[in-house]
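Please look through the sequence and the model shown below before reading on. The report that follows takes the chain as a whole, then the ligand, then a few individual residues.

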Amino acid sequence: MKPILFNFTETELNEFVAKLGQPKFRAKQIKDWLNRGAPNFQSMKNLPEQLRQDLDACAQTLPVRIVKKLESSDGQTTKFLLELNDTEQIECVLMRTSYGNSVCVSSQAGCAMGCKFCASTLLGLKRNLTVNEIYSQILVAQWELRNDKLSNKPIRPNGDANNDDVSHIVIMGTGEPLQNVENVIGFVERANSDMGIGWRKITLSTCGIVPGIKKLTEWGRPINLAISLHAPINELRSQIMPINNKYKLEEVLNAAFEFSDLHNRQLMIEYILLGKKNSSGEVELFNCTSELAEKLSELLKNKNCMVNLIPWNAVDERDFASPSGNAVHKFQDILIKNGIHTRIRRERGQDIGSACGQLRLNNAKGE
Ligand code: SAH
């Protein structure tokens, strides 16, 4: 297997370049390109052609390789299917928005959590990603933004055209970040120090691993925390999220508010709206009845949080259904009436494999 130069220390890269009979400054040039996300050696324009060819023959750039790239019809969202060195696959998504360029990264190949509505967990957990594998996903996005600029693509809707770097990170791709908490923290530290991405522009989403949340509290950086709640009572939550058998709703929320209150941040609550088809094919509300909206309001009353309502993205293998727009608004209205901050999440790039994990899954099935 060819060595991955991005994983080399400075000394290792210097030695590698010396062995190819090259002066030391080439190592610095290569490192600069790698830090900008160069996917191959051919794009390293200040290296001599012969060296680029030699490097292509004996080394790799990043620990991820783009297998598939899909762009939404409005050009604002790009979804990448990436292959790791051991052929595992992950996804990451670049979203060009009016407030900046946001990248959704994966923290694991696959997922062990078994949530009943999610595509990412259908093939089980393969492994944790390394810091470099997570970090490379933002480099892939950064390189894409560079290409936008070179091809004069209008960068963002109503955006500040001068800011064409990755500005926001959401750790909401495949995997449960708090099952890989050491590497995720290493990644966030690095995104902050090397890419200058502010703590407050980084959001970590978890299904509720309480020891992991406590670890974030000890770590002490003021990132945003999102909790995938999806039900306001334990009985229902355990039916759709097996992790709830281990860490109960109240325990998860206590740990989460301890974290967000410490940093004076609003806690984000993710709430997917699920329906189920009955025998006559009609969609019945599953976790989004009026009664459950009242229960959710009680649970979050007077707390500093924002509820993101997410209409479910269909996953063929899962027997849920999306509730109607009316049902979604009715659920939201009850929260608003009860003084709970809430918004309906605008889904991006639905035309390019909507649900998280879908791209990897379909590729594994050969579609
Ligand atoms: N494991 C972490 C992060 C990955 S999932 C977590 O559970 O938070 C990111 C978000 O997408 C979670 O809120 C998750 O519940 C939600 N999600 C999963 N499948 C979805 C689907 N089919 N439609 C809409 N949202 C989904």
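## The chain as a whole

Of the 367 residues in the protein chain, 54% are buried, where buried means under 20% relative accessible area, exposed means over 50%, and partly exposed covers what lies in between, with a 1.4 Å probe and protein chains only. The model is a predicted one, in which local features need pLDDT of at least 70 and side-chain atom pairs count only at pLDDT 80 or more, while totals for chains, interfaces and linings use all residues. Residues are numbered from 1 along each chain as its sequence is written, and side-chain values use heavy atoms, with hydrogens and water left out.

The protein chain has 11 helices and 14 strands, these being DSSP runs numbered from the N terminus, with helices (H or I) of at least four residues and strands (E) of at least two. Its radius of gyration is 22 Å, close to the 21 Å from the globule rule for 367 residues, so the protein chain is as compact as a globular protein of that length; the radius is taken over C-alpha atoms, and the rule is 2.2 Å times the number of residues to the power 0.38. Taken along the principal axes, the box filled by the C-alpha atoms is roughly 70 × 45 × 40 Å.

## Contacts and surface

Among the contacts in the protein chain with a separation of 6 or more, 67% are between residues 24 or more positions apart, a contact meaning heavy atoms within 4.5 Å. The protein chain exposes about 16200 Å², and carbon and sulfur atoms supply 48% of that area; accessible areas come from the Shrake-Rupley method with a 1.4 Å probe, and for residues only the protein chains shown count as cover.

## Around the ligand

Which residues come nearest to the ligand? Of the 19 residues around the ligand, these are Gly175, Ser205, Ser228, His230 and Asn313, a residue being near a molecule if one of its heavy atoms lies within 4 Å of it. The shell around the ligand divides into 10 nonpolar, 7 polar and 2 charged residues; here Ala, Val, Leu, Ile, Met, Phe, Trp, Tyr, Cys and Pro count as nonpolar, Asp, Glu, Lys and Arg as charged, and the others, Gly among them, as polar.

An N or O atom in the side chain of Ser205 is 2.6 Å from an oxygen atom of the ligand. Backbone atoms take part too, with a polar backbone atom of Phe117 at 3.3 Å from a ligand nitrogen atom and a backbone N or O atom of Asn313 at 2.9 Å from a ligand nitrogen atom. The ligand taken alone exposes 540 Å², of which the protein buries 93%. Strand S8 (202–206) and strand S10 (267–273) are the elements that give two or more residues to the shell around the ligand.

## Buried residues

Thr61 lies in the loop between helix H3 (49–58) and strand S1 (64–71), and with a relative accessible area of 5% it is buried. Its side chain reaches the backbone oxygen of Ala38 at 3.4 Å, while a polar atom of that side chain lies 3.0 Å from the backbone oxygen of Pro39. Leaving aside residues up to four places away in sequence, Thr61 touches several others, including Ile4, Leu5, Phe6 and Met44.

Ser102, in strand S4 (residues 100–104), is buried at 4% relative accessibility. Beyond four places away in sequence, Ser102 touches Val93, Leu94, Met95, His168 and Val170. Ala327 belongs to helix H10 (residues 325–337) and is buried, with a relative accessible area of 15%.

## Exposed loop residues

Thr87, in the loop between strand S2 (77–84) and strand S3 (89–97), is exposed at a relative accessible area of 55%, and its phi is near 75 degrees, a positive value in a residue other than glycine. Asn302 also has a positive phi, of about 60 degrees, although it is not a glycine; Asn302 lies in the loop between helix H9 (290–300) and strand S13 (305–311) and is exposed, with a relative accessible area of 78%.

Asn264 sits in the loop between helix H8 (249–262) and S10, and counts as exposed at 66% relative accessibility. Asn264 and Asn304 are 40 residues apart in sequence, and their C-alpha atoms are 8.6 Å apart in space.

Terms used. A polar contact is a pair of N or O atoms within 3.5 Å; within protein, one must be able to donate a hydrogen and the other to accept it, and residues adjacent in sequence count only if both atoms are side-chain atoms.
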